[in-house]
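This briefing concerns the contacts between parts of a protein model.

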There are 2 protein chains.
Amino acid sequence: MLSKSQISLLKSLQHKNERKENGLFLVEGYKSVIEFINSSYKIEGIYHTASFEPKMLNLSQKINLYNISVTDIEKISSLKTPQEVIALVKIPVHPPLNNQKLKQKFSLVLDGIQDPGNMGTIIRTADWFGIDNIICSNDTVDAYNPKVVQASMGSLSRINVYYANIAEVLPQIGLPVFGAMLNGESIYKTRFGTEGLIVMGNEGKGLRPDIERLISKAVTIPRTGKAESLNVGIATALFCSEISRNKLGSQ
Amino acid sequence: MLSKSQISLLKSLQHKNERKENGLFLVEGYKSVIEFINSSYKIEGIYHTASFEPKMLNLSQKINLYNISVTDIEKISSLKTPQEVIALVKIPVHPPLNNQKLKQKFSLVLDGIQDPGNMGTIIRTADWFGIDNIICSNDTVDAYNPKVVQASMGSLSRINVYYANIAEVLPQIGLPVFGAMLNGESIYKTRFGTEGLIVMGNEGKGLRPDIERLISKAVTIPRTGKAESLNVGIATALFCSEISRNKLGSQ
């Protein structure tokens, strides 16, 4: 049985400041937990109900396992219908953004993405298309938010998510900066080349003016119907796909 | 002030069987309400708080307006943070699916999509790319579910969503049937031609075997990274975009 203070700590990790202070976050559900176990993340403990068989985790490393009641797992879970296994995971301390690491590839830059579902989907999509790095403005939703972790479906374990003052950082990186904008060249005609940054703006407001100034190439997803806008997760995926198409085409 | 029975009716529309029985659903928020007012949908009434200015609706038709309390709008809303205006809208009675209407264009077919957020995003994306018709298996989430309406951002007002036994209907339509599958031709190499159906499977299970049998062309979004799968809304958007690219390229 978990003590009141343990439950209180685990539960508090639903809040960003508590995650930051403790350097910890939760991963819920078997499939996601497995992906974090098989990653470079450090697992501090695994909490599971009696109905879950820890052998299924195939642990090769020593990790503390806690068999807890359904009531306790409901208390620490952020989900309406809690899963039977939850991992307590250490937030990694990223080495500072290394420009060298961004060369000869594409990375995503997110300017104020707010919705955790969108953020999680973007991480998952980046992982599908082999994009390793996502650089976020400091006001973008926290990647360790439980809803982000959930929507990323384990992909967060493989993608580097950096937070930075992107207005400062973008010019220092020294790569072509493609921006998703309403009045740009068609994404179907854009030559993306072999390296660059793809900048996506906030759900409602788009790119901020101080970021827009740093765009070297404005790119548009042509609209052939009537919707006012596309979901930002969808728009990001269309960029990732175009880059992937170019890469595959040139191989 | 609304009577208890009015509140009870409006609130009950969060449930599919009640929507079906009453032939009504709710649209929440100014932007979406405006799109439904400017559509062929019949608006039965508009409920708003005192802080909302009905002039902003620019009504040219006669629609009953109800100035109600914040407490009442909270009661009928499905949102955590209710908007200040909600429309009560009649569910249209679609004429039966007309094969003639599907010729010389692309339509989406959804096989058991469960998540309302995904469904709403698919409707919004179809609307962006000028795809007018979506044919859903009977167990696909209801298009008038409040979360679907919300995520579709008004696009539901322009898209025809049909429900049918798709295993029966697909062969009758007589168009090429493209299926999103793991082992197919690359989406970047597929010749989509000028008409067809794009079939997307359930979030976890993919296409059902009796639907898979009806696919004339299996198509795959090539994976260059490590994620196990793509979100179905994302995958649908990549298909819509490829079709749009072909169409624009041939103009």
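In this predicted model, five residue pairs are in polar contact across the interface of domain 1 of chain A and domain 2 of chain A, both residues of each pair being at pLDDT 80 or more. Helix 2 (16-22), strand 1 (24-28) and helix 3 (30-37) of chain A are the elements that each give two or more residues to the side of domain 1 that touches domain 2. With four residues, strand 1 of chain A gives the most to that side. By class, the domain 1 side has six nonpolar, five polar and four charged residues.

**Domain interface in chain A**

- The domain assignment places domain 1 of chain A at 4-90 and domain 2 of chain A at 99-249.
- The centres of the two domains, taken over C-alpha atoms, are separated by 30 Å.
- Contact between the domains involves 15 residues of domain 1 and 12 residues of domain 2.
- About 1,200 Å² is buried between the domains, with 52% of it on carbon and sulfur atoms.
- Arg19(A), Glu35(A) and Tyr41(A) lose the most area on the domain 1 side, together 38% of what that side buries.
- Two salt bridges are found across this interface by the rule.

**Glu35(A)**

- Glu35(A) lies in helix 3 of chain A.
- Its side chain meets that of Arg158(A) in a salt bridge, at 2.4 Å from N to O.
- Neighbours within four places in sequence aside, Glu35(A) is in contact with Met153(A), Gly154(A), Ser157(A) and Arg158(A).
- Glu35(A) counts as buried because its relative accessibility is 16%, and the cut-off for buried is under 20%.

**Interface of chain A and chain B**

- In this interface, 31 residues of chain A are in contact with 31 residues of chain B.
- The two chains bury about 3,300 Å² between them, of which 59% is on carbon and sulfur atoms.
- Trp128(A), Tyr188(A) and Arg245(A) supply 25% of the area that chain A buries against chain B, more than any other three residues.
- Four salt bridges are counted between chain A and chain B.
- The side chains of Lys31(A) and Glu228(B) meet in a salt bridge, at 3.1 Å from N to O.
- Helix 6 (116-128) and helix 10 (232-249) of chain A are the elements that give two or more residues to the side of chain A that touches chain B.
- Helix 10 of chain A provides the largest share of that side, nine residues.
- By class, the chain A side has 11 nonpolar, 11 polar and nine charged residues.

Notes
Residues are numbered from 1 along each chain as its sequence is written. Chains are lettered from A and ligands numbered from 1 in the order in which they are written. This is a predicted model: local features need pLDDT of at least 70, side-chain atom pairs count only at pLDDT 80 or more; totals for chains, interfaces and linings use all residues. Side-chain values use heavy atoms; hydrogens and water are left out. Domain bounds come from an automatic or database domain assignment. Contact means heavy atoms within 4.5 Å. Buried area is the accessible area (1.4 Å probe) that two parts lose on being put together, summed over both. A polar contact is a pair of N or O atoms within 3.5 Å; within protein, one must be able to donate a hydrogen and the other to accept it, and residues adjacent in sequence count only if both atoms are side-chain atoms. Ala, Val, Leu, Ile, Met, Phe, Trp, Tyr, Cys and Pro count as nonpolar, Asp, Glu, Lys and Arg as charged, and the others, Gly among them, as polar. Buried means under 20% relative accessible area, exposed over 50%, partly exposed in between (1.4 Å probe, protein chains only).
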